[in-house]
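Hi everyone, thanks for having me.

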Amino acid sequence: MVMIQFCGGAESVTGANYLIDNGKVKFVVDCGLVQGSREADEINYEPFPYKPVEVDFMIATHTHIDHIGRIPKLVKDGFEGEIYSTKPTKEFAEVSLMDTVSIMEHDQDTPPLFGEEDVNKAVKQWRVKEYQELVELGPDISFRFQDAGHILGSAITEVWVLDHDTGKRIKMVFSGDMGNVPSVLLKKYDYIEEADYVLVESCYGDRIHEQNDDRKAILRQAVKDIIDRNGVLIVPMFSIERTQDILFELNDIVENHSGEGKKLGRVGKIDVYLDSPLAIKATEIHKRYPQYYNEEAKKLAKTDDVFDFPFFTMTTGREESMKINTAPSPKMIMAGSGMSTGGRILYHEERYLSDPNNMILFVGYQAPNSLGRKIQDGQSPVYIHGREVENNIERRSVGGYSAHADQNMLIDWLSQIKNVKQVFVVQGDSEASQALADRAKSELSMNAIVPTDDQIIELT
Ligand SMILES: [Zn+2]
């Protein structure tokens, strides 16, 4: 008998954590932070519903913190097995988990969930595998990563688990998070030929993306308008993938490499700043893995530094960051966090939000109640660092840079998998998961369900 337990990620976008047990081997897929509210924060402090010391190994699908953020806690609580992922996932994990430690250390209200020593220990237990490489872990388990096209190194995982009762192997597929198509930098997600059980994400399980063909034109127009009126363009940024997507697009907007870039033409001179130590580190990691890019990006990366262009500056230290304030306009400032819930973006918003000659460009989803959402909705005044700030800035949004597949793409991916006994729809809000399950049932005749938190299901 093989069992799966949904320890996180059921009826929830965040906190992905699945335990699989065939009676001889126990393993975990993903171990993410639960995010989004105070109550969510508290769940992270609860003990795991299994004994970490009994877990033999784990698989990390990709580096978003809602998939890896509790790994150091797992280690702290006794997990000593190996952690498997692709190479970029491991490298990103080290920098983003260390970043998480420093954010937690600055939080006065709650004790840190784990410390630097736990991250270091996790990194020592980490092993890397390539896409397509079949990994055999003794007679009971083998697995293989495929490209999920979501962020650099993100993986769909195929796992074969021996059922000791029948002597047969059960094949499970974990989608991880699936990428939007077409991605700026990455390849399209890989298709899977067959599986007995599929866990599919559903972050956008009930939504269809707007056309993203004109995303570069919208970005270029914002830059051009700011140059024309000698203003300041601020962009709240997500460190991994979104930053590199935007840099890659800016590189073309400034240097005109692609057909589209040439057609749109050059923009004038503007100083561009990336003011985020984590995003800078993530960009360096991207530069080391051009083999993971899509064909067009790979080709361009052979002759050009695709994340660098004239008048672009990365500011790591605090002093360099301060100098941005006195630099002349026009200028463009990208800084974290992506929803303005912390980080250096707050200093820039505090400074530039009250002037209608400036512009803020949203390149990603803004959660309800986040400062980013309040600014986007035009609330005024807003409160930053305890100060009242008038929100008079021009506000624009560009939707095409989402890193997640929408409902059509998820259905497209599912439709190619043969012989599926059951689909478990996870990693979405209840409505989004249910909507995807309903469509998989009606359109693909798949037996799709939305599991509940802590539910244990027997796989045969
Ligand atoms: Zn993700």
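**A valine and its neighbours**

Okay, let's start with Val161, which touches Val2, Ile20, Asn22, Phe27, Asp140, Ile141, Lys168, Arg169, Ile170 and Met172, leaving out residues up to four places away in sequence; contact here means heavy atoms within 4.5 Å. Before I go on: this is a predicted model, where local features need pLDDT of at least 70 and side-chain atom pairs count only at pLDDT 80 or more, while totals for chains, interfaces and linings use all residues. Residues are numbered from 1 along each chain as its sequence is written, and side-chain values use heavy atoms, with hydrogens and water left out.

So where does Val161 sit? You'll find Val161 in strand 9, residues 155-162; helices (H or I, at least four residues) and strands (E, at least two) are DSSP runs numbered from the N terminus. Is Val161 buried or exposed? It counts as buried because its relative accessibility is 0%. The cut-offs are under 20% relative accessible area for buried, over 50% for exposed, and partly exposed in between, using a 1.4 Å probe and protein chains only. Val161 and Val2 are 159 residues apart along the chain, yet their C-alpha atoms are separated by 7.8 Å.

Ile20 has its own list of partners: skipping neighbours within four places in sequence, they include Val2, Ile4, Phe27, Val161 and Phe174. Ile20 also belongs to the largest nonpolar core, which has 77 residues, and is one of those touching the most other members, along with Ile4, Tyr18, Leu250, Met332 and Met334. By nonpolar core I mean a set of buried Ala, Val, Leu, Ile, Met, Phe, Trp, Tyr and Cys residues joined through side-chain atoms within 4.5 Å. Helix 7, residues 242-255, gives the most to this core, with 6 residues. There's a second, separate core of 27 residues, with Cys7, Cys31, Leu33 and Met104 among them.

Now the domains. We have domain 1 (2-207 + 403-459) and domain 2 (215-397), with bounds from an automatic or database domain assignment. Their centres, taken over C-alpha atoms, are 30 Å apart. On each side, 23 residues are in contact with the other domain. About 2200 Å² is buried between them, and carbon and sulfur atoms give 64% of that; buried area is the accessible area (1.4 Å probe) that two parts lose on being put together, summed over both. On the domain 1 side, Leu152, Val184 and Leu185 lose the most area, together 35% of what that side buries.

How many salt bridges are there between domain 1 and domain 2? The count is 1, where a salt bridge is a side-chain nitrogen of Lys or Arg within 4 Å of a carboxyl oxygen of Asp or Glu.

Across the model, that rule gives 23 salt bridges. One of them joins Glu158 and Arg144, at 2.9 Å from N to O. Glu158 is in strand 9 and Arg144 in strand 8 (residues 141-147), 14 residues apart. Glu158 is buried at 3% relative accessibility, whereas Arg144 is partly exposed at 25%.

Last pair: Glu249 and Lys216 meet at 3.9 Å, N to O. Glu249 is buried at 5%, and Lys216 is buried at 7%.
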